[in-house]
Amino acid sequence: MISYANAPEQDIVLDLPDGKKIHGLLRGSITDTSPVVIIIHGRPGTGNELLQFLVARHLYENGFSSLRLFLYDFGPEYRDMIDTTLDTHAEDLDVVVDYLRSHGVQKIFATGHSYGGLTILRSKSHLDGAVLWDPTHGLVFTDEFDDPNFPEKRVNDIVYVPTGCGFFYSQTQDDYDHSLGDNSNWAANKGYPIKFITAGKGILAPFVQSYYKHADEPKEIVDIPEAHHQFDDSDEVIERLFGETLEWFEQYKS
């Protein structure tokens, strides 16, 4: 059973090379003895999503500090989602990792959900371990792959999905995503342990299997059969997700 401890959170704001800033929420501390987990949301998304918030608390309860990133945020100093691509996210993640290393953090891990998992795979940073939650794959953006749950419509240079709560992105982002193709080999030669967690009721499991095949040891893949892509199906699903994530980081924190 998951329990949570209250802890103060600290805003971390870093300058990016192009003049923008990136915002993160630190739970715990940045020291040379405390392992830090960078938590990366999907697209669209925010570091304040319940899944990100709860895993930060769970990690803190078990001896890990965490930094929940906001890849875009409100305010002119931060990025807007519509102006970013995967390369933007990956380069910004690299800035965050460099910041933590420069402050003496010895063990840096990352967990990314959906497009956040893809961001980790695209990043050039050397981590000490990563757990990818149902990471997006380039092949799901191809015209041959048609997901009826996410029908795309276009108005000028805006692409939007009208189903459910809906979301939108730019034609530039859509063109970029369609250019990815089979990016399974991004999981190869990362130089650190990677665990993949798939949502059994989602659509990405076969693609994540391809990542797993290309990844180097040590690696692991786990499926949660009852889970949809958001992993918000039940307490049991969330406990399994967080438990598998913590177990992986525990192995490599020393």
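Buried, as used in these legends, means under 20% relative accessible area, with exposed over 50% and partly exposed in between (1.4 Å probe, protein chains only). This is a predicted model, in which local features need pLDDT of at least 70 and side-chain atom pairs count only at pLDDT 80 or more, whereas totals for chains, interfaces and linings use all residues. Residues are numbered from 1 along each chain as its sequence is written, and side-chain values use heavy atoms, with hydrogens and water left out.

View 1. Helices (H or I, at least four residues) and strands (E, at least two) are DSSP runs, numbered from the N terminus. In H5, the buried residues are Ala205, Phe207, Val208, Ser210 and Tyr211. The cover over these buried residues includes helix H3 (115-122), E10 and E11, where contact means heavy atoms within 4.5 Å.

**View 2. Stacked aromatic pairs.** Rings of Phe, Tyr and Trp (its six-membered ring) pair if their centres lie within 6.5 Å, and planes under 30 degrees apart count as stacked, over 60 as edge-to-face and the rest as tilted. The structure holds eight aromatic pairs. In one of them, the rings of tryptophan 133 and phenylalanine 242 are stacked, because their centres are 6.2 Å apart and their planes lie at 25°. This pair links distant parts of the chain, with tryptophan 133 in strand E6 (residues 129-133) and phenylalanine 242 in helix H6 (residues 235-251), 109 residues apart. Tryptophan 133 and phenylalanine 242 are both buried. Phenylalanine 196 and tyrosine 211 also form a stacked aromatic pair, at 6.3 Å centre to centre and with 10° between the planes. Phenylalanine 196 belongs to strand E10 (residues 194-199) and tyrosine 211 to helix H5 (residues 205-214), so this pair ties together parts that are 15 residues apart in sequence. Phenylalanine 196 is buried, with a relative accessible area of 0%, and tyrosine 211 counts as buried at 0% relative accessibility.

**View 3. Arginine 43 and two tyrosine rings.** A charge sits over a ring if NZ of Lys or CZ of Arg is within 6 Å of the ring centre and within 35 degrees of the ring normal. Arginine 43 lies over the face of tyrosine 115, at 4.4 Å from the ring centre, and its charged end also sits over the ring of tyrosine 169, 5.0 Å from the centre of that ring.

**View 4. The open sheet.** Eight strands, in the order E1-E2-E4-E3-E5-E6-E10-E11, form an open sheet with mixed pairing, two strands being paired if DSSP finds at least two bridges between them. Strand E1 (9-15) and strand E11 (219-224) are the edge strands, each pairing on one side only. Strand E2 (residues 21-27) and strand E4 (residues 65-70) pair in the antiparallel sense over five bridges, and leucine 26 has leucine 67 in E4 as its bridge partner.

**View 5. Nonpolar cores.** A nonpolar core is a set of buried Ala, Val, Leu, Ile, Met, Phe, Trp, Tyr and Cys residues joined through side-chain atoms within 4.5 Å. Of the 45 residues in the largest nonpolar core, Ile38, Leu69, Ile120, Leu127 and Phe196 touch the most other members. Helix H2 (residues 86-102) gives the most to this core, with six residues. Apart from this core lies another, of 23 residues, among them Val37, Phe109, Phe231 and Trp248.
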